[in-house]
Each structure stands twice: as structure tokens, then as C-alpha cells.
Amino acid sequence: MPFNSAVIGLGGMGTWHVKSIQDKVSRIHVKGAYDIRPEALEKTASLGIKAYSSLDEVLSDPEIDLVTIAIPNDMHAPTAIRALRAGKNVVCEKPVTLNSAELQQILDVQKETGKLFSVHQNRRWDKDFCIVKEAKKQGLLGELTFVESKVQGSRGSMYGWRGYKRNGGGMLLDWGVHLIDQIMQLDPTKVVKVDSHLLSVYTPEVDDNIKLMLLFEDGMSAVLEMSTMCLIPSPRWHVEGTKGTLCIDDWSCKGEMYQLKQDAAMEWDEDIVYTEAGPTRTMAPRPKYTMNKIALPKVKADWSEYYNNIADVMEGKAELIVKPEQTMRVMKVIDLLFKASEEGHGFKCEI
Ligand SMILES: NC(=O)c1ccc[n+]([C@@H]2O[C@H](COP(=O)([O-])OP(=O)(O)OC[C@H]3O[C@@H](n4cnc5c(N)ncnc54)[C@H](O)[C@@H]3O)[C@@H](O)[C@H]2O)c1
């Protein structure tokens, strides 16, 4: 028998949760949804699910095993706490909360109730990220040194509730949380230094164009950039390692990777090299015979893996992939990135 679930918030993402579970996760059956706006519930008929008239009605339905929370960010914590207290397993959309203190409140209740609590960090299964992770795992790039991870839109301001502070709007909590979670999955060592530039260019109340800098204990340095007015995007990923360089252009995952040839030692030229930008030794191009172009690793990447893991955990067959303690590390980094922006300087840390 499949587990029964209900989705709270039938907006853009809530509707995606319903359809994606229906299409791809046979062990979970979406029984219904609740939304504070009755008009949002009109689509329940075409989705073939029940329209609940209140959160209490969902939480008192003994058939519901799992609740997915897909509402504006400021309401995640109170809703998750009510659902856990009602004895439901909970999947919460990102960002789990507005800060780490709020997350701690949820985790205290989760511990008390022993129910499952996980955050929908679906971008751990993005193909572009999986390629970078696999290249690192296979040692194709050596030790990673500089990693740039960027997403760049061109529509200006943050849309709807994402433009308001009270709703937990802003880019750091919206996309920042994805890119930080990915980079902390790529490098599991401690984050030892952070800094941020959080600009509010098109959305007065919140940050909308942001640059985050994270230094890891093993020496990897990451720049994460999210902008909303970029007409010529940079690559989605640019990854430099001691043995190679990888570049992924965009979500279609076109890109290339070069690796140093093991048997081709590079000789420095006796003379300075003349480039189009004048004479240089340090930045003179590397001779082509010292490197190989190699194919990007093949990966399997599907967001439905997230809910398959949730079903496995509910069946007692596996551990959570997106663990609360990982989410807590991400939220602590976010707390410090906000502080860095407010105070105008970076911080050393051990997160
Ligand atoms: N993981 C991802 O890739 C991803 C993508 C988009 C959005 N999200 C997250 O999903 C959540 C929802 O975002 P969205 O884009 O779907 O927003 P949305 O505005 O499209 O939908 C939110 C819905 O929640 C309803 N709602 C508001 N308060 C409610 C309450 N107290 N109880 C019940 N319903 C309520 C609204 O009426 C609306 O229908 C956010 O936390 C967002 O960060 C995640």
C-alpha cells in the first residue's frame, strides 16, 4: 500500500510536488492539498486529489502519513511544527526557515516526536551539479581550488512574496540556499571563512543580486553568484583543480573539461612570451601538448530520487539523503552571510 501524502500550498511548487509524485513516485499517493486561497484549490479536481478546507483537517486525517510544505518561507517553521506535533512526517520546501534559530525549534520538535523531517533540496539532483560532483569523485580534476557556481536571470526584481522581508524573500534565501547546499555537498570539509555582497538593486526590501564567498577547510574557495539582470550569462560552473578544469555552460549541460597529460611535463620558455596583451610569463598560454580534452562524466540525475528516498526512509530501508544536520550547517552559513553583509566584512568560522 502506498503512503498517503498531502501538500500544503497549491501554488507553483506545490502543484509541481503533486504532479511529480503522481508521475514518478508510485510508493506515495497524493491524497489531497490545502491552500489558504480557495481559488488555488480549484485545480484539485483536475489533479484528481481532495481539497482540504483547513490545515487542521489535513493534520487530523489519520490516513495522511506525509505532509509537504510548499508555502511562503516565513510560514515554514510554524506549519512544520504543527504537522510534526500532529504526528505527520514532514517534507519542507527550501529555505527550511529564515535562520538557524528557527530551524532549531523545528528540530527540537522533530526529536520529541521522532517523525521524519527533511528539506526539499532537489537541486542536489541537478544534472550540472551531478557532473561536477562526479568529476570530483573520479579525481578527474585533482584537488579543487577555485569553484564558481552562478545562476543569472534577466528579469530584474524578485517576484511576488519573494520581494518582501516579512515573507522571507530575497535571493540569498531563494537561490542562495540551493547553491550553498550544493557547494557544501561538493566539499564536505568545514566552511572556515565567509563573506557576501548582498545588493538590493531592483527589489527595495530584499537582496536580489548577490555574491557569496566561501572558503573550505581543505583550501577550496567558492564564489556563488546570483543575479537578475544579466544579458550575457557566465558559465553555470567553472571549476579549477590541480589536474584539470571543467566548465559547464548552462542547464543543458553543454561544456568541456581539460586534464593535464600525466607524461607531458611543461617546460617554461627561456624568453618572455608575447601575447595579444603584451609580454608575460605567468599568464602565457600552456602548450596544447600538455593537456587532453576529455568527455564530461555521464551521470543519472532525477529529482524524483528525493521522494524515492523519503519512501525508503518511511519503509525503514534507508537513511535520509537530505539530513536535518546538513540543513542546519547551511542555515548557519546563511546567518553569517547576512551578518557579513550588514557589518561590511567577512568572518572566520567553523561550520
Ligand atoms: N525546491 C525548488 O526548486 C523550489 C522552486 C520554487 C519554489 N520553492 C519553494 O516553495 C515554496 C512555495 O513557493 P512557490 O513558488 O510555489 O510560491 P507560490 O506563491 O507559487 O505558492 C505558494 C502557495 O501557498 C499558499 N499559501 C500561502 N500561505 C499559506 C498558508 N499559511 N497555508 C496554506 N497555503 C498557503 C498561497 O496561496 C500559494 O498558493 C517556497 O518556500 C519556495 O522557496 C522551491
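Predicted model: local features only at pLDDT ≥ 70, side-chain atom pairs only at ≥ 80, totals over all residues.
User: Into which domains is the protein divided?

Analyst: Domain bounds come from an automatic or database domain assignment. Here there are domain 1 (3-120) and domain 2 (124-301 + 332-348). Eight residues from domain 1 and nine residues from domain 2 make the contact. Two residues are in contact if their C-beta atoms, placed from the backbone, lie within 7 Å. The side of domain 1 that touches domain 2 has three nonpolar, three polar and two charged residues. Ala, Val, Leu, Ile, Met, Phe, Trp, Tyr, Cys and Pro count as nonpolar; Asp, Glu, Lys and Arg count as charged; the others, Gly among them, count as polar. Taken over C-alpha atoms, the centres of the domains are 32 Å apart.

User: How do I read a sheet, and which strands form the open sheet of six?

Analyst: Strands of a sheet pair through backbone hydrogen bonds, either parallel or antiparallel. Strands (E, at least two residues) and helices (H or I, at least four) are DSSP runs, numbered from the N terminus. Two strands pair if DSSP finds at least two bridges between them. The six-strand open sheet has the order β3-β2-β1-β4-β5-β6, with parallel pairing. Its edge strands, β3 (50-51) and β6 (117-119), each pair on one side only. Strands β1 (residues 3-8) and β4 (residues 66-69) run parallel and are joined by four bridges. Ala6 stands opposite Val67 in β4.

User: Which strands does α1 lie across?

Analyst: Helix α1 lies across β1, β2 (28-34) and β4. The helix runs at about 160° to β2. Axes are lines fitted to C-alpha atoms, for helices over the stretch in contact, and angles run from 0 to 180 degrees between N-to-C directions.

User: What is the order of the nine-strand sheet?

Analyst: The order is β16-β13-β12-β11-β7-β10-β9-β8-β17, with mixed pairing, and the sheet is open. β16 (291-294) and β17 (347-348) stand at the edges, each with a single partner strand, so one side of each has no neighbour in the sheet. Two bridges join β8 (residues 191-199) to β17, and these strands run antiparallel. Helix α6 lies across β7, β11 (237-241), β12 (244-248) and β13 (255-260).

User: Where is Glu143 found?

Analyst: Glu143 is in the loop between α6 (127-137) and β7 (144-152). Glu143 is partly exposed, because 13 other C-beta atoms lie within 10 Å. Not counting residues up to four places away in sequence, Glu143 touches Gly241 and Thr242.

User: How many residues surround the ligand?

Analyst: There are 24, and the closest are Gly9, Gly11, Gly12, Met13 and Glu93. A residue is near a molecule if its C-beta atom, placed from the backbone, lies within 6 Å of it. Helix α1 (residues 12-24) gives the most to this shell, with three residues. The shell has eleven nonpolar, eight polar and five charged residues. Domain 1 and domain 2 each supply at least three residues.

Technical notes:
Residues numbered from 1 in each chain as written. Buried ≥ 20, exposed ≤ 12 C-beta atoms within 10 Å, placed from the backbone.
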